[in-house]
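Reader: I have a chain on my screen and some questions about how it is put together. Can you take me through it?

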Amino acid sequence: MLQIEATSLPDVKIVTPRKFGDERGFFSEVWNRDAMSEAGIEADFVQDNHAYSAAKGTIRGLHYQMDPKAQGKLVRVTRGTVLDVAVDIRRGSPTFGKYAAVTLSVDNWRQLWIPAGFAHGYCTLTDEVEFLYKVTERYSPEQERGIRWDDPDIAINWQIPPEQITVSDKDRILPYLAEQPDLFD
């Protein structure tokens with residue numbers, strides 16, 4: 001059983017799998033194609049990724065890939081807590097440039113579905129975070145794009161003071177949304 005909830009962006013969904021536990025531990029079905037399809041989420045995953053961040057305040061993103069390698073993502077945390085963010089980058093969308101932010105943690109067991117057409121990033125709210133995600137297309141360096149994490153037009157509240165944030169050199173020089181030539185229509 002999967003519980004599906006809306007976010008402030010209609011196409012981005014919170015997916016919470018049920019957990020069954022006893023003295024041995026727990027079992028949880030975290031992906032079920034039929035249940036997701038019934039909820040309106042159609043995804044054919046081709047790759048699983050696993051990321052580790054050692055320190056609180058690490059931001060990864062905001063990333064996306066253009067067609068023909070645009071990716072849908074189902075993301076979750078297996079250790080620690082993150083603020084997960086999806087930004088609508090579909091020109092003409094009523095929510096273009098808006099974002100949804102959802103806390104994902106090992107305790108709340110939530111996942112987030114981010115379809116193609118959205119930039120994605122997350123900020124670690126604890127030390128020692130493990131982040132897993134399934135994608136609908138393989139990584140393509142030629143189609144990879146990104147938007148600055150601190151874009152003032154998007155104004156994401158990352159819940160960490162800016163002076164305590166760590167961003168890769170690659171992410172630090174990404175263009176702002178208004179400067180990005182490659183977006184979705």
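Reader: Is Phe 45 buried or exposed?
Author: Buried means under 20% relative accessible area, exposed means over 50%, and partly exposed lies in between (1.4 Å probe, protein chains only). Phe 45 has 18% relative accessibility, so Phe 45 counts as buried.

Reader: What should I know about the model and the numbering?
Author: This is a predicted model: local features need pLDDT of at least 70, side-chain atom pairs count only at pLDDT 80 or more, and totals for chains, interfaces and linings use all residues. Residues are numbered from 1 along each chain as its sequence is written, and side-chain values use heavy atoms, with hydrogens and water left out.

Reader: How many aromatic pairs does the structure hold?
Author: Rings of Phe, Tyr and Trp (its six-membered ring) pair if their centres lie within 6.5 Å. Planes under 30 degrees apart count as stacked, over 60 as edge-to-face, and the rest as tilted. On that basis, the number of aromatic pairs is 6.

Reader: Which kind of pair do Trp 31 and Phe 45 form?
Author: The ring centres of Trp 31 and Phe 45 are 4.7 Å apart.

Reader: Why does the pair of Trp 31 and Phe 45 tie parts together?
Author: Helices (H or I, at least four residues) and strands (E, at least two) are DSSP runs, numbered from the N terminus. Trp 31 lies in the loop between strand E4 (25–27) and helix H1 (33–38), and Phe 45 in the loop between H1 and E5. The pair therefore ties together parts whose separation in sequence is 14 residues.

Reader: Which residues do ring pairs link into a cluster?
Author: Ring pairs make a cluster of Trp 31, Phe 45 and Trp 113.

Reader: How many residues apart are Tyr 64 and Phe 184?
Author: Tyr 64 and Phe 184 form a tilted aromatic pair, 6.2 Å centre to centre with 55° between the planes. Both residues are buried. Tyr 64 is in strand E6 (residues 58–65) and Phe 184 in the segment after helix H2 (169–172). This pair links distant parts of the chain, and the separation is 120 residues.

Reader: What is the length of the polar contact between Gln 180 and Tyr 64?
Author: Gln 180 is in the segment after H2 and is buried, with a relative accessible area of 7%. A polar contact is a pair of N or O atoms within 3.5 Å; within protein, one must be able to donate a hydrogen and the other to accept it, and residues adjacent in sequence count only if both atoms are side-chain atoms. The side chains of Gln 180 and Tyr 64 are joined by such a contact, at 3.5 Å.

Reader: Which residues is Gln 180 in contact with, leaving aside its neighbours within four places in sequence?
Author: Contact means heavy atoms within 4.5 Å. With those neighbours left aside, Gln 180 touches Tyr 64, Arg 91, Arg 145, Gly 146, Ile 147 and Pro 175.

Reader: What is the strand order in the open sheet?
Author: Two strands pair if DSSP finds at least two bridges between them. The open sheet has 6 strands and antiparallel pairing. Its edge strands, E1 (2–6) and E5 (47–53), each pair on one side only. The order is E1-E2-E10-E7-E12-E5.

Reader: Which residue in E10 is the bridge partner of Ile 14?
Author: Strand E2 (residues 13–17) and strand E10 (residues 111–114) pair in the antiparallel sense over 3 bridges. Within E10, the partner of Ile 14 is Leu 112.

Reader: Where does Trp 109 lie?
Author: Trp 109 has a positive phi, near 60°, in a residue other than glycine. At 11% relative accessibility, Trp 109 counts as buried. Its place is the loop between strand E9 (99–105) and E10.

Reader: What is omega for the peptide bond that joins Asp 67 and Pro 68?
Author: Pro 68 lies in the loop between E6 and strand E7 (73–79). The bond from Asp 67 to Pro 68 is cis, and omega is about 10°.
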